[in-house]
4 protein chains.
Amino acid sequence: MIVVMTPGCSQADVDHVVKLVNEMGLKDHVIVGTDRTVVAAIGDKRNVDKSAIENAPNVDKIVPILAPYKVASKEVKREPSAIALLGPGTEVGAGHVGMIGGPCSVEDRSQLLEVAHAVKEAGAIGLRGGAFKPRTNPYSFQGLGEEGLEILAEAREATGLAVVTEIMSIDQVDLVCKYADVLQVGTRNMHNFNLLVAVGKANKPVMLKRGWSATLEEFLLAAEYIISAGNPNVILCERGIRTHEEYVRNTLPLAIIPAIKRESHLPIVIDPSQGTGHAYMVPSMCLAAIAAGADGLLVEVHQDPEHALTDGAQSITPEVFAKMVVDCKKISDALNA
Amino acid sequence: MIVVMTPGCSQADVDHVVKLVNEMGLKDHVIVGTDRTVVAAIGDKRNVDKSAIENAPNVDKIVPILAPYKVASKEVKREPSAIALLGPGTEVGAGHVGMIGGPCSVEDRSQLLEVAHAVKEAGAIGLRGGAFKPRTNPYSFQGLGEEGLEILAEAREATGLAVVTEIMSIDQVDLVCKYADVLQVGTRNMHNFNLLVAVGKANKPVMLKRGWSATLEEFLLAAEYIISAGNPNVILCERGIRTHEEYVRNTLPLAIIPAIKRESHLPIVIDPSQGTGHAYMVPSMCLAAIAAGADGLLVEVHQDPEHALTDGAQSITPEVFAKMVVDCKKISDALNA
Amino acid sequence: MIVVMTPGCSQADVDHVVKLVNEMGLKDHVIVGTDRTVVAAIGDKRNVDKSAIENAPNVDKIVPILAPYKVASKEVKREPSAIALLGPGTEVGAGHVGMIGGPCSVEDRSQLLEVAHAVKEAGAIGLRGGAFKPRTNPYSFQGLGEEGLEILAEAREATGLAVVTEIMSIDQVDLVCKYADVLQVGTRNMHNFNLLVAVGKANKPVMLKRGWSATLEEFLLAAEYIISAGNPNVILCERGIRTHEEYVRNTLPLAIIPAIKRESHLPIVIDPSQGTGHAYMVPSMCLAAIAAGADGLLVEVHQDPEHALTDGAQSITPEVFAKMVVDCKKISDALNA
Amino acid sequence: MIVVMTPGCSQADVDHVVKLVNEMGLKDHVIVGTDRTVVAAIGDKRNVDKSAIENAPNVDKIVPILAPYKVASKEVKREPSAIALLGPGTEVGAGHVGMIGGPCSVEDRSQLLEVAHAVKEAGAIGLRGGAFKPRTNPYSFQGLGEEGLEILAEAREATGLAVVTEIMSIDQVDLVCKYADVLQVGTRNMHNFNLLVAVGKANKPVMLKRGWSATLEEFLLAAEYIISAGNPNVILCERGIRTHEEYVRNTLPLAIIPAIKRESHLPIVIDPSQGTGHAYMVPSMCLAAIAAGADGLLVEVHQDPEHALTDGAQSITPEVFAKMVVDCKKISDALNA
């Protein structure tokens, strides 16, 4: 941490900051510049709230130096991690690129099985589908609950696809673990720390979606919650952020792919359906994500988007999904040739 | 809902949209303009996901007309609601302005009691203080838990202040209700719908903080979740949003005060501590909020901000709090004179 | 400047950074922490692009310490500046609060004179009105040009109000200076550096509006451009920023008032018309700004907003303006009593 | 345009709106829904400020239906436009993908010529380089001016590359046209309407960068300014937007590529250097842009980024540029195979 003093601060002000720094168990290092004095505080106290020093007289600002996350970072593990969704052949990360497709919600048995077979045939390794749906509107369709989970499990038996489904609350952990292969934590729950700890104690991989206004640091700290609770199998998923842009439902910031690969060993998967909100944008954003080095894609697929109960506007058909997977393969092959 | 067709769409495209609209149970109304055709869909189907129509051929966009919330809106209740935190004399809303102060976290008994007495003396009606703390960093101080709640309850007995404290998870509802007077749902949980339903079934007022990137519509829909689950006593709280601004921790959008008063009957309280992140900005933003018509303030107060365990940078001292309350009173009196 | 190295960097990496720092004419100061090494660079080289060092091997990031602006800051002038719009009695800043009202555009002679007399009577010191209008749409009304300036000057003669009007281009400087008292640089031109230099050479005060996504630092640097070109009379004006919020045209961040007062000696005026986009929000945001310590207000006033050629949605009537001025006076008087 | 009335409005309110609509020369069409009445206004009056109606009693909001741009849209030209930077073989758009590389600033003759030869050899069709630099800080290096333009022209003679350089002010148009092939309007000037009109009268293609908080609609309206002034050769360039993200200098929203291709016939080029701010992210974002269908790339290339006078942090070396161009070619070939 660096404490920057205001111009014209007194020696007493600096001494006071040094005292506060020492009280935190940190070593001080005062640097007197031409216009400013700064106090560098040395030592690893990531878990202490140092911002309180900002209140001391003539402190201008506090600049943290250490990233607050550790086990999610490359500081502790330099090689990228591969995480299997469901046994060998279903890895994402460390060179493995995995496709996950399926409807926003499980609507009924025949709908889900039809989509499952279609995405399997197209080359997917995972099946997405919501049984518990976080809906902004309390009167909207909230998902089929356990019945939806049963249908998902049946689809896994029929296709071999790993089931990826959202978990919204700590009391759903046991139930969802019984049926699903990957526990998805949605964007609205990225900061639901009790839920992060709960899935951190489960023995299934977690697909952690970035909060729509989370910083990169907060995203990795959410992963840190899960890992430090005991579950190292965290797959990060970017699904778009809130901005002023009006032609998308969310802005998809693909530069997070190289950023994550620089900061963390965890795989990063892209969701261009949530990430744009419009079906016509999904294929090009899928190709872009793969070209940029994404470890996988999470895509909403529906056989009849016009009648989808949820997220129809951003769902693509199985045909479009299949062509997209072929095109992604062409890009990967070309770049690796 | 209005469905806007692209220029040059065919009659078949329009007919197809009309069919989809009718399938939803809505009456269609086609308007052929000079450059565009639009299909107005008439009927109240707030709970149906109409965006799926966007996928139909030559549909340009969907424009919703009805606000999706209802019981939180002025459509159903035109007069502003007054909500008592703890019996008569502790109302906010409908002309009652209430001050709530206290530390970010309950750190220990003597700290809390000292602050409680100070804010009471300054004119507060409520005491804030966290026993369960949502911390971005898993290694940070997480609050005292039940011990903290006991200290808060003791402070209520000593001062008569209503206790406002955060609830982070559905399994804490019974415990927190046992000690607290007002259940606070934090910004990170505004979209935690399971928690909203859980506090909607509790018999205590709820202080609902706006998510830091929530729209006004989403904010009112979160209130709608709580009210429709059975609890009409929802106090809205603005605590700042995420923007590009670098000189604040959050941007405090005070125009939400007239916006809420136009859209809803619920009281709106402002939190300038979270809403700025810097103690030096808190007093002026308190005065601004009151001048703009806020129904109350939620302010972090600590007797020694430099040593606060959490949020020291944005905590003001009891002396600053007391002067601020006096100044707010002057403004209210002047405007009502 | 602080150069933060990545964990595990080599001594050669540090030596290389030290060499780059020295090449810039800065003195180095290496601090070896528990997890990180940082290189502090000492000396005032605000004008050198130091970010290039980010490209050196194993540099994690660069943290600037010095604010890049100087003459706009309190480093060089600690007391707040008062700037007269048009002679004694028309100051803003240093305790003087000035009201400026008028239509978005000058539409015709009778319209402008009527509004001018009304705002004068209400207590304004300045008259706003656009003769050259920056319009997003090339086909929209672009203002009356010189004819509009003549009408503005006539209104000044009739009322004594200072004329505040926008200047859009370097070739308009002489013309606008001939008629106006204060040169307004609009939000779209805050980064138009050639225009900043041009008004910096003019001998009239400048009302500089913040760019709608400018940082505070960029705002003060734009003022620095004007001041360093020779014109010290810069009035800052906040007019709202672009965010994700949907219920306003712009988000009005009033915390910039205490922030400017901490960083700069320049006056800060608030424009709640642009700052919200809706007439019904304007009065409460005016009161909030004054309560927060603003040095003045810039408000769009029109006698018939429903028929205004521009910005009708955010224009208030002379009656609403007059009541607002009275209420602002009540607040100022109460706080200063 | 659709005028949405508030619930419970009177017939007189509706009649008043109908009258205002008719006064604008628009035909009214009243639709009485279950909860709301709306007034549809029919006719093409894109250039009239209809928002004034918002001020009428019991109007809730105004929803525009027509896009305000026309000549930049597919309404008037359905096939994509190809625009030559400098004669045959230098097109972008309509299937032509063009690479433009070069330093942020022209620093001196040997620097520029070396980079020019390198990017030419790598396959570029254009050379970028700033002679007039928009610098946030008034004390920073502002470019070589005409000397820089002369060096750029010399580099064109030596390599055949088209020269793309920024124009900052209306008084530079003749000078820059004398030397350059493509006039770049920077992000800070996208809303400088006088400059847009000035380059609209020039006979060189214009590279128009999106303002960093401009909407898509505003971006296309800026193009409309240039085209309607007489210059149809507008190349759009996305260079990143301002958001809350902290790990990039700007957030690069690649979904604008499919959005532009849906709305407009103009080519869209991506600038991943400005669009991220970090050299390490540039190659992957280049590949992503090409995979998503971009018509070209604008990339900052410097032979010694650590010593670049401007934008060193985001400049890549000629070697990295050359490999990137090869990889982009692989992607294009694979997708077109």
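A salt bridge, for this talk, is a side-chain nitrogen of Lys or Arg within 4 Å of a carboxyl oxygen of Asp or Glu. Keep that in mind for the interfaces. What I am showing is a predicted model.

I start with chains B and A. Arg242(B) forms a salt bridge with Glu218(A), and their closest N and O atoms are 2.5 Å apart. How many salt bridges are there between chain B and chain A? The count is two. The contact itself takes 56 residues from chain B and 56 residues from chain A. Between them the two chains bury about 4,500 Å², with 48% of it on carbon and sulfur atoms. On the chain B side, the residues that lose the most area to chain A are Asn55(B), Tyr139(B) and Glu306(B), which together make up 15% of what that side buries.

Next, chains C and A. Here 31 residues from chain C meet 31 residues from chain A. The buried area is about 2,200 Å², and 61% of it lies on carbon and sulfur atoms. In chain C, Ile31(C), Asp35(C) and Ile65(C) lose the most area to chain A, together 23% of what that side buries. Four salt bridges are found across this interface. One pair that forms a salt bridge is Asp35(A) and Lys70(C), with the closest N and O atoms 3.4 Å apart.

β2(C) pairs with β3(C), residues 37-42, over six antiparallel bridges. Asp28(C), for instance, has Ala41(C) in β3(C) as its bridge partner.

Last, a helix pair in chain D. Helix α2, residues 109-122, packs with helix α3, residues 146-159, at an angle of about 35 degrees, their axes being 10 Å apart. The crossing is right-handed. From α2(D) the contact uses Arg109(D), Leu112(D), Leu113(D), Ala116(D), His117(D) and Lys120(D). From α3(D), the contact residues include Ile151(D), Leu152(D), Glu154(D) and Ala155(D). By class, this contact has seven nonpolar, two polar and three charged residues.

Terms used: Residues are numbered from 1 along each chain as its sequence is written. Chains are lettered from A and ligands numbered from 1 in the order in which they are written. This is a predicted model: local features need pLDDT of at least 70, side-chain atom pairs count only at pLDDT 80 or more; totals for chains, interfaces and linings use all residues. Side-chain values use heavy atoms; hydrogens and water are left out. Axes are lines fitted to C-alpha atoms, for helices over the stretch in contact, and angles run from 0 to 180 degrees between N-to-C directions. Helices (H or I, at least four residues) and strands (E, at least two) are DSSP runs, numbered from the N terminus. A crossing is left-handed if the near helix is turned anticlockwise from the far one by less than a right angle, and right-handed if clockwise. Contact means heavy atoms within 4.5 Å. Ala, Val, Leu, Ile, Met, Phe, Trp, Tyr, Cys and Pro count as nonpolar, Asp, Glu, Lys and Arg as charged, and the others, Gly among them, as polar. Two strands pair if DSSP finds at least two bridges between them. Buried area is the accessible area (1.4 Å probe) that two parts lose on being put together, summed over both.
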